Number of protein chains: 2
Amino acid sequence: MNQPFPHRSLRLPADLRLDSGRILPRPTIAYETLGALAPDGGNAILLFHALTGDQYVARDHPLTGKPGWWARMVGEGRPIDPARHFILCANVIGGCMGSEGPASPNPATGRPWAIDFPVITIADMVRAQAALLDSLGIGRLLAVIGGSMGGMQALQFASLYPDRARAVIAIATAARHSAQNIAFHEVGRQAIMADPDWCGGRFLEAGRTPSAGLAVARMAAHITYLSEAGLTERFGRRLQERDTLSFGFDADFQVESYLRHQGMSFVRRFDANSYLVITRAMDYFDLAEPHQGSLSAAFRGASARFALVSYDSDWLYPTSESKRIVQALVAAGAHASFVELSSPHGHDSFLLDSPELNRLVDGFLRAVEAA
Amino acid sequence: MNQPFPHRSLRLPADLRLDSGRILPRPTIAYETLGALAPDGGNAILLFHALTGDQYVARDHPLTGKPGWWARMVGEGRPIDPARHFILCANVIGGCMGSEGPASPNPATGRPWAIDFPVITIADMVRAQAALLDSLGIGRLLAVIGGSMGGMQALQFASLYPDRARAVIAIATAARHSAQNIAFHEVGRQAIMADPDWCGGRFLEAGRTPSAGLAVARMAAHITYLSEAGLTERFGRRLQERDTLSFGFDADFQVESYLRHQGMSFVRRFDANSYLVITRAMDYFDLAEPHQGSLSAAFRGASARFALVSYDSDWLYPTSESKRIVQALVAAGAHASFVELSSPHGHDSFLLDSPELNRLVDGFLRAVEAA
């Protein structure tokens with residue numbers, strides 16, 4: 001798990017009332033910014049991160065030393081450019097990179113919240129970030145943008161605050177979690193909670209880490225981020241540093257070795273209770289639910305221009321779901337564009353080198369800026 | 001885990017030489033039969049079971065009390081009919097329903113084989129069943145038939161013994177495990193081996209059961225047996241015996257409750273080391289590999305008539321893989337038919353009510369019998 005690190009953060013001036021009815025007392029929000037806010041405030045872009053992402057969008061990650069998760073999209077000369085934009089990304093509440101989450105001290109006890117951290121929703125995450133905008137004096141945004149869970153937040157933001165962003169870009173995402181989406185998350189949660197080192201959720205105080213359970217959860221989820229064709233292209237049935245089968249349970253195949261590595265490196269940077277809380281928020285996500293099941297009602301009055309992007313090999317949040325969202329947006333009278341991009345890499349395509357996505361985001365933002 | 005139960009079984013008269021080079025000393029094979037062998041022996045059908053199946057094809061399962069796994073296909077008046085056929089199904093070696101497996105006593109020590117049970121292959125399973133046929137005095141079969149891992153065995157049987165069956169029916173199966181197939185199995189194995197109650201594989205002697213790990217493995221695998229559309233149709237986002245979200249980690253959604261039930265009931269009937277051994281055999285399966293990568297070479301000289309059946313919603317062993325097999329069969333000069341059936345239920349469709357499959361198997365067998 002992550003060591004204490006001086007993340008840039010702010011304590012919200014007011015308590016946060018959650019969808020569960022519980023109160024999060026003046027939560028801390030960790031965030032990063034790039035670029036300068038224009039005098040009229042009109043160049044601000046709020047980026048939302050995905051399940052295991054964080055606020056380190058472009059700069060190297062302080063724990064892993066790796067480039068920021070969207071360094072291909074955000075940076076000098078990139079579509080989201082600090083020379084032109086004021087770029088803000090906050091760690092979601094429930095996270096473990098400085099924002100109030102299960103590893104943070106519970107103000108009522110001084111000990112980690114752990115399993116007592118409230119179960120939150122995507123809307124709760126978004127309200128916390130809107131409060132951050134207020135605290136930073138940022139009014140109407142140029143754009144809100146996110147992929148995967150970040151896309152859910154972008155759509156939720158547009159629903160909660162129909163006038164607060166001029167553009168919404170939602171990539172490889174969904175307006176609700178499907179039964180299959182929930183099922184995969186449930187496997188991960190059960191793996192974590194079955195690990196004796198989870199200690200009923202109080203592993204931090206016990207000085208332990210449910211590494212094995214969290215690694216299995218990550219491995220299962222990781223398969224859903226890739227496509228069958230992408231896995232075949234990258235690994236096929238190739239053996240890992242051997243010429244013949246071992247007739248044992250070591251990682252004979254490259255794909256096994258890769259998955260194990262994914263599991264182990266994840267454990268070093270992520271809190272198991274954050275994984276429980278954030279997956280739960282995603283499973284609870286159904287933008288239409290508070291509107292009697294009408295997704296277009298969720299977007300009523302939206303003034304933004306929307307761009308929905310899906311990938312043809314993404315089976316986690318497939319193209320059909322993006323089309324459903326666009327249909328609802330159009331029915332709500334919103335300006336909505338939709339593009340399906342082709343890639344063999346499945347859901348994770350938006351995090352990889354995707355020149356078409358870069359061109360699309362660039363063109364869309366410039367058009368909104370010029371409007 | 002299963003209690004001792006007097007499975008019908010036979011100890012092979014000779015040792016079994018395995019693909020790993022190891023020897024399984026005179027293994028026990030548990031099997032069930034239905035119907036009577038015709039005087040000319042020409043009405044015998046060998047059925048192969050899938051990963052978590054067993055020899056109880058049609059009669060009620062002795063542990064669960066549930067109907068046999070293919071009672072819809074096998075029985076009086078069904079396509080595979082004891083009034084007309086002599087029907088044989090054996091538990092695979094490595095299994096846990098009476099055939100030699102990790103829970104069986106290791107003759108060298110008298111204690112359970114446990115993790116010392118050899119890692120086997122699909123071909124090893126098939127050779128053991130051919131030896132069973134020899135012991136029972138059964139020569140050329142009318143047909144070998146199986147779905148999923150049973151289909152792999154049917155194809156492997158045709159490759160090893162090109163003259164020993166007049167018909168081969170392989171349903172919802174593959175001639176090799178893909179990277180994605182391996183990846184899902186690896187998640188399950190890691191979940192089992194991460195469970196402290198696995199005890200380094202020696203849980204039986206320790207009087208423990210890695211229930212949590214085995215349940216997680218089953219849950220992850222079970223998702224792959226169903227389709228996204230099937231899960232949506234059956235469960236959607238419906239809540240389990242409640243009207244509102246719990247804002248906790250209980251099974252809020254029906255799909256969670258269903259998966260947990262699948263996990264728990266599996267643990268009561270299956271041995272965790274058998275799960276490791278059999279998934280490994282499936283991952284090792286690549287029918288073309290011993291033939292310099294040529295799948296058609298694997299079928300050279302095959303005299304049987306083949307029927308390959310896939311389901312359009314099966315993403316575990318998709319239609320494209322059945323088509324690849326048929327192409328190789330035709331290239332090898334074999335008689336091969338292929339049918340893709342439509343079903344919303346994914347890979348498990350062949351185990352469910354599937355009238356088209358019944359008609360197809362019935363017609364195909366009658367044609368071969370009449371030939």
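Me: Which residue of β4(A) stands opposite A:Ser9?

Reply: This is a predicted model, so keep that in mind as you read. A:Ser9 faces A:Ala30 in β4(A).

Me: How many bridges join β1(A) to β4 of chain A, and in which direction do the strands run?

Reply: Three bridges link them, and β1(A) and β4 (residues 28-34) run antiparallel.

Me: What is the strand order in the sheet of chain A?

Reply: The order is β1-β4-β6-β5-β7-β8-β9-β10 (chain A), an open sheet of eight strands with mixed pairing. β1 (9-11) and β10 (335-341) of chain A each have a single partner strand, so they stand at the edges with one side lacking a neighbour in the sheet. From one strand to the next, the twist averages 20°.

Me: Which helices pack on the sheet, then, and at what angles?

Reply: Take α1 (residues 122-136) of chain A: it lies across β1, β4, β5 (44-48) and β6 (86-90), at about 65° to β4(A). Helix α10 (residues 319-331) of chain A touches β9 (305-311) and β10, and its direction makes about 165° with that of β10(A).

Me: Where are the domains of chain A, and how many residues does each give to the contact?

Reply: On size, here's the general idea: an interface is often described by the accessible area lost when the parts come together. For chain A, the assignment gives domain 1 (9-177 + 287-370) and domain 2 (181-279). Their centres, taken over C-alpha atoms, are 26 Å apart. Domain 1 of chain A puts 27 residues into the contact and domain 2 of chain A puts in 23. On the domain 1 side, that's 15 nonpolar, 10 polar and two charged residues.

Key
Residues numbered from 1 in each chain as written. Chains lettered and ligands numbered in written order. Predicted model: local features only at pLDDT ≥ 70, side-chain atom pairs only at ≥ 80, totals over all residues. Pairing = 2+ DSSP bridges. Helix = DSSP H or I, 4+ residues; strand = E, 2+ residues; numbered from the N terminus. Axes fitted to C-alpha atoms, helices over the stretch in contact; angles between N-to-C directions. Contact = placed C-beta atoms within 7 Å. Domains from an automatic or database assignment. Nonpolar A, V, L, I, M, F, W, Y, C, P; charged D, E, K, R; others polar.
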